[in-house]
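Please have a look at the sequence and the model first, and then we will go through them together.

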Amino acid sequence: MTIASLLSTPSELTDTASSKCPIVLMTRIRLARNLAGRSFPGWSREAQRAEVLEVCREALAGTAPMKRSVKAAVSELTDLQKQILVERHLISRELSGSKDGAGVVINKDQTVSVMINEEDHLRIQVLRAGFQLKKAWSVINALDSELEERLDYAYSAKLGYLTACPTNLGTGMRASAMMHLPALVISGQMEKVVRAVNQLGMVVRGLFGEGSDASGSIFQISNQTTLGESEEEILKRLGSVLESIIEHELNARAKLIETDAPKLHDKIGRAYGILQNSHLLTSSEAMNLLSLLRLGIDLSVFPEDCRTIIDRLFIEAQPGHIQNTVQHDLESVQRDALRADKLRTEFATFAKPTFTINGQN
Amino acid sequence: MASPLKCDLCSNQATVHLTQIVNNKVHKVDLCESCAQAKGVTDPSGFSLADLLLKASLNPDNATAGARCEQCGFTQNDFKKHGRFGCPQCYETFSSLVEPMLDNMHKGTAHTGKVPQKSLERKTLHDRLGELESNLDDAVKTERFEDAARFRDEIQQLKQAFEQHSKPAR
């Protein structure tokens, strides 16, 4: 299988309906691992990186989760393919801009991706739709154990897994949830939440990580520290922070409905109208409109089975995915037209909204 | 002590003071107005205190200033430039630089999580094998043939154990 065919097969993020839920769009865990006795990628020569790439690919090929997988060197990928992989959260922006010897291995349903020679020799990632920290941990833990049978990891009894950056020492684990928090944004409470979450040792970022904006009211929340606690303790702490954010978001929604239902319904109704009728849509506007419709689903304005469509469009409305639907290069305004076309078609057959005053779950 | 706090990143007067509490451990960062702006501390879409703490702890004047990693040639200056180390060995070479940094950066300074058991066992086996092989060489050279035979048998046994170990799980 090639990257091109992988991108057209059903994936966890774009096609699974089973684990979709309100608020938490997806859960991700990544582990940073390095090989003993070798320089970290940023400090290695090309030949050393090529060797690490080969060794890691071979070890990965023998593991159970990667039996059906696609591997690619970053240098073999087109800019568009890289962008699509970033939009699907399968590779980082850093990897897509990296030098020779970097690569990625992705399994068929796109739940597991392993970046080779990013900041560390290995960045193993498991991704699940919905709120599934435990499940993601058990999958990534098993894969890591399988790899460890084949690779000598750089490890110290005191500092744990040794990583290029000391902020990842210890477990080398970064667990995160992508959260949809429109009511906290609408009611102006997000800044307060970010501050509180920071004080609890967690980090809040935009949709595509560091420095990205939070269009669509989507935020990533992850653990900040990796050393001094076991993986289970970190996950438990993150889990309880996430639960409490969910509670705050639900409270904010209840409050909005109670105090100003017409305004909220107006926002959702207008978003629906624009998605059905617009002819030019930037990706940021599309994200914000889709975000309001997802909120509508949570509030029973639209039926539950529409959720899969919205979550798929969150990904497919991204610039790379739009460009990928045609053969020739598009200017950004042409992309906006194409995006609007696509969304008009999708929403022509979308369920009609039903607004009730007690439209809460 | 009475002088105003200085910014952790530049030497201007600090006016933004951040405190983070993780399970009863207090982490502090002091910043001036413009560094706080630049680091996005006031930005609701989030910033990472860890990155700040990392940079703030990079003031030189310590024992490893002139040290160079034997394994990869990395120096403390390189770390100041990149914020990343050169190889796993660097953590030993620059341990006096790393240790004070960790206290502020993480929840604890010692690893309590997963241990790569298989990887470590294999390493122990490997080290023991190397030791026996050099013993065997010595024994042969000094014509202690009984010892040599014993070492050879032990090597044989270890190699068998090693092969069983490295068999793929499935």
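Predicted model: local features only at pLDDT ≥ 70, side-chain atom pairs only at ≥ 80, totals over all residues.

Let me begin with chain A as a whole, where the secondary structure comes to 13 helices and 10 strands. Its C-alpha atoms fill a box of roughly 65 × 50 × 30 Å along the principal axes, and buried residues account for 54% of the 361 residues. For a chain of 361 residues, a compact globule would have a radius of gyration near 21 Å, and chain A agrees with that because its own value is 21 Å.

Now to strand S8 of chain A, residues 173-180, which is mostly covered, with 8 of its 8 residues buried. In a regular strand the side chains alternate between the two faces of the sheet. Here A:Met173, A:Ala175, A:Ala177 and A:Met179 point one way, while A:Arg174, A:Ser176, A:Met178 and A:His180 point the other way, and all are buried. S8(A) runs antiparallel to S1(A), to which 7 bridges join it, and in this pairing A:Met26 stands opposite A:Met178. S8(A) is also joined by 5 bridges to strand S10 of chain A, residues 218-223, again antiparallel, with A:His180 opposite A:Ile218.

A:Phe314 takes us to helix H11 of chain A, residues 307-316, whose buried residues are A:Ile309, A:Ile310, A:Asp311, A:Leu313, A:Phe314 and A:Glu316. These buried residues pack against several elements of chain A, among them strand S1 (24-33), helix H10 (283-298) and helix H13 (332-348).

Finally, there is the contact between the two chains, which takes 41 residues from chain B and 48 residues from chain A. On the side of chain B that touches chain A, the elements giving two or more residues are strand S1 (16-22), helix H2 (49-56), helix H5 (95-105) and helix H6 (117-141) of chain B. By class, that side of chain B has 20 nonpolar, 14 polar and 7 charged residues.

Methods. Residues numbered from 1 in each chain as written. Chains lettered and ligands numbered in written order. Contact = placed C-beta atoms within 7 Å. Helix = DSSP H or I, 4+ residues; strand = E, 2+ residues; numbered from the N terminus. Nonpolar A, V, L, I, M, F, W, Y, C, P; charged D, E, K, R; others polar. Buried ≥ 20, exposed ≤ 12 C-beta atoms within 10 Å, placed from the backbone. Pairing = 2+ DSSP bridges. Rg over C-alpha atoms; globule rule 2.2 N^0.38 Å.
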